[in-house]
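These are my notebook entries on one structure, set down in the order in which I looked things up. The sequence and the coordinates come before the entries.

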Amino acid sequence: MMALVLLATAALTHPVAAASSEDCLVCHSDSTLTMERAGRQLSLHVDGAALGRSAHTGLSCAACHEGLNPEAIPHKARLPPVGCLACHEGVADKHAFHPKI
């Protein structure tokens, strides 16, 4: 419920489309932002500092989260999974720590 209140507040105070990672982090930098799925609380938190140090720092969130309409807040309950293999072909073979991709 807290997540819905936060998202509704963000929608009212930030009506501009969340087209950049900075816009997305207005809500997703909140470490308490969660949603419930199948009776479990799932974190929707994104560590902006970690993202800034990652190889993905120059990408917008929507670049990986296809099907996301950043103007629709709150977002759809289910978004398509991120398709890492679109950019990272063969990553499971190259990096043992990505065996499930």
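Entry 1, serine 21. I began with serine 21, which I found in helix H2 (helices, H or I of at least four residues, and strands, E of at least two, are DSSP runs numbered from the N terminus). I note that this is a predicted model, in which local features need pLDDT of at least 70 and side-chain atom pairs count only at pLDDT 80 or more, while totals for chains, interfaces and linings use all residues. Residues are numbered from 1 along each chain as its sequence is written, and side-chain values use heavy atoms, with hydrogens and water left out.

Is serine 21 buried or exposed? Serine 21 counts as buried because its relative accessible area is 10% (buried is under 20%, exposed over 50%, partly exposed in between, with a 1.4 Å probe and protein chains only). Setting aside residues up to four places away in sequence, I listed Leu51, Leu59, Ser60 and Cys61 as what serine 21 touches (contact means heavy atoms within 4.5 Å). I also noted that a polar atom of the serine 21 side chain lies 3.2 Å from the backbone oxygen of leucine 59 (a polar contact is a pair of N or O atoms within 3.5 Å; within protein, one must be able to donate a hydrogen and the other to accept it, and residues adjacent in sequence count only if both atoms are side-chain atoms).

Which residues of H2 are buried? I found Ser21, Cys24, Leu25, Cys27 and His28. Seen down the axis of H2, these buried residues fall within an arc of 160°, so they line one face of the helix (the arc is that of the directions from the helix axis to the C-beta atoms). Histidine 28 belongs to H2, which covers residues 21-28, and histidine 28 counts as buried because its relative accessibility is 17%. Beyond four places in sequence, histidine 28 touches Leu33, Leu44, His45, Val46 and His75.

With neighbours within four places left aside, leucine 51 is in contact with Ser21, Val46, His56 and Thr57.

I looked up the peptide bond between isoleucine 73 and proline 74 and found it cis, with omega about 0°; proline 74 sits in the loop between helix H4 (61-64) and helix H5 (91-94). Alanine 38, in the loop between strand E1 (34-37) and E2, has a positive phi near 55°, and I recorded alanine 38 as exposed because its relative accessible area is 80%. For background, most residues other than glycine have a negative phi, and most peptide bonds are trans.

I read five helices and two strands, in the sequence pattern α-α-β-β-α-α-α, and buried residues make up 14% of the 101 residues. The mean pLDDT is 78, with 73% of residues reaching 70 or more (pLDDT is the predictor's confidence in each residue, from 0 to 100). Where is confidence lowest, and where highest? Helix H1 (residues 2-13) is lowest at a mean of 47, and strand E2 (residues 40-43) is highest at 94. Over residues 3-18 the pLDDT is below 50, and this stretch has 18 contacts in the model beyond near neighbours in sequence. Where pLDDT is low, the predicted coordinates should not be read in detail.
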